[in-house]
Amino acid sequence: MSRWALRQFTTPPKPQETATQRQWRAKAEVIPLWHEQSRWLNTPQRGGQLLRWGQGERKILLVHGWGGWATQFAAWLPPLLASGCQVLALDMPGHGESPKRQVTLFDFMAALRLVERLIGPVDAAAGHSLGASALTLTAAEGWSAGRLVMLAAAENIEMAPRQFARMVALPDNIRLNMQEAMAQRHGVSWQELDGRLIAHNARYPALVIHDRQDKEIPYEQGVQLAARWPGAQLVTTEGLGHRRILQDKGVMQQAIDFMLLD
């Protein structure tokens, strides 16, 4: 049962790119995201890929969430490129057009570390959902990003396995075994990933954007994350839910304006 639960929990759904998103993918330079010295992304089959548009000096990184893909941020590309930025977006391991495999939050974090290794520090980054959580955690480790935008982010990292367990009626002891198996594989504890502690030690200016009607990650999670992140700004939206927040023009403009501040 634990193995079944872990497999289900770590298998992302298939991407659903639109025609416009596919056009933007075709225009991108594709950088393979793996390295033989990476602990977790050490083969092409285990890695992801980084898409790049533009050659500007200011680097902006866009990070999708669980089940997402790089070109979900397609609407963000024209204004960022018009501002002279170099825009980078990830197909995380197991996502988008990366090789299919089981994936966890830890793989998202490993991918962010590898981005820094391959292209150097970024000037700002925006993440959605699990991508935002990965940004929060890697930034606390010392990963370099001048400014962070977190859309629909969880403050409590254990929310995802708890929600999954409720969805499939998984007994609590099986959920805990599943979490422990993930933690042992990556050599960390869930306590280390507690966003309440991570945010308190954060070093970067942050913008937290969350919708009151988010049914996947409750609005209170965004409120708590912003409250515990020193100096963070909280933007509250209405009626966008968990996914449409990424496509809203007003949200996009606020996020871009924040990332481009000097």
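What follows is a conversation about how features of this predicted model get their labels.

Biologist: Why is Trp53 called buried?

Modeller: The cut-off for buried is under 20% relative accessible area. Trp53 has 4%, so the label buried applies.

Biologist: And what makes Trp24 buried?

Modeller: Trp24 has 15% relative accessibility. Buried means under 20%, so Trp24 counts as buried too.

Biologist: Why are Trp24 and Trp53 called an aromatic pair?

Modeller: Ring centres must lie within 6.5 Å. For Trp24 and Trp53 the value is 6.4 Å centre to centre, so they count as a pair.

Biologist: What makes that pair of Trp24 and Trp53 edge-to-face?

Modeller: The angle between the planes is 80°.

Biologist: Which parts does the pair of Trp24 and Trp53 tie together?

Modeller: Trp24 lies in helix H2 and Trp53 in strand E2. The pair therefore links parts 29 residues apart in sequence. Helix H2 covers residues 19-27 and lies across E1, E2 and E4. Its direction is about 85° to that of E2.

Biologist: How many aromatic pairs does a search of the whole structure find?

Modeller: Two. Phe73 and Trp76 also form an edge-to-face pair. Their centres are 5.2 Å apart, with 80° between the planes. Both Phe73 and Trp76 are buried.

Biologist: How do you know that the charged end of Lys27 sits over the ring of Trp24?

Modeller: The charged end of Lys27 is 4.6 Å from the ring centre of Trp24. The distance limit is 6 Å, and the charge must also be within 35 degrees of the ring normal. Lys27 is listed as sitting over the ring.

Biologist: What makes E1 and E8 edge strands?

Modeller: The open sheet has eight strands, in the order E1-E2-E4-E3-E5-E6-E7-E8, with mixed pairing. E1 (29-33) and E8 (233-237) each have a single partner strand, so one side of each lacks a neighbour in the sheet. The twist averages 20° from one strand to the next.

Biologist: How do you know that E3 and E5 pair?

Modeller: Pairing needs at least two bridges. Four bridges join E3 (residues 59-63) to E5 (residues 122-128), so they pair. The two strands run parallel. Leu62 has Ala126 in E5 as its bridge partner.

Biologist: Which helix lies across both E3 and E5?

Modeller: Helix H10 (residues 249-259) does, and it also lies across E6, E7 and E8. H10 runs at about 165° to E6.

Biologist: Why do the buried residues of H9 line one face of the helix?

Modeller: In H9 (residues 219-228), the buried residues are Tyr219, Gln221, Gly222, Leu225 and Ala226. Down the axis of H9, they fall within an arc of 160°, so they line one face. In an α-helix there are 3.6 residues a turn, so residues three or four places apart point the same way.

Biologist: Why is Asn177 called partly exposed?

Modeller: Asn177 has 42% relative accessibility. Buried is under 20% and exposed is over 50%, so Asn177 falls in between. Its place is in helix H7 (residues 172-186).

Biologist: What makes Phe106 buried?

Modeller: Phe106 has a relative accessible area of 6%, and the cut-off is under 20%. Phe106 is found in helix H4 (residues 105-119). Its C-alpha atom is 13 Å from that of Ser38, 68 residues apart along the chain.

Terms used. Residues numbered from 1 in each chain as written. Predicted model: local features only at pLDDT ≥ 70, side-chain atom pairs only at ≥ 80, totals over all residues. Heavy atoms only, no water. Buried < 20%, exposed > 50% of the residue type's maximum accessible area, 1.4 Å probe, protein only. Arc of directions from axis to C-beta. Axes fitted to C-alpha atoms, helices over the stretch in contact; angles between N-to-C directions. Contact = heavy atoms within 4.5 Å. Phe/Tyr/Trp six-rings, centres within 6.5 Å; stacked < 30°, edge-to-face > 60°.
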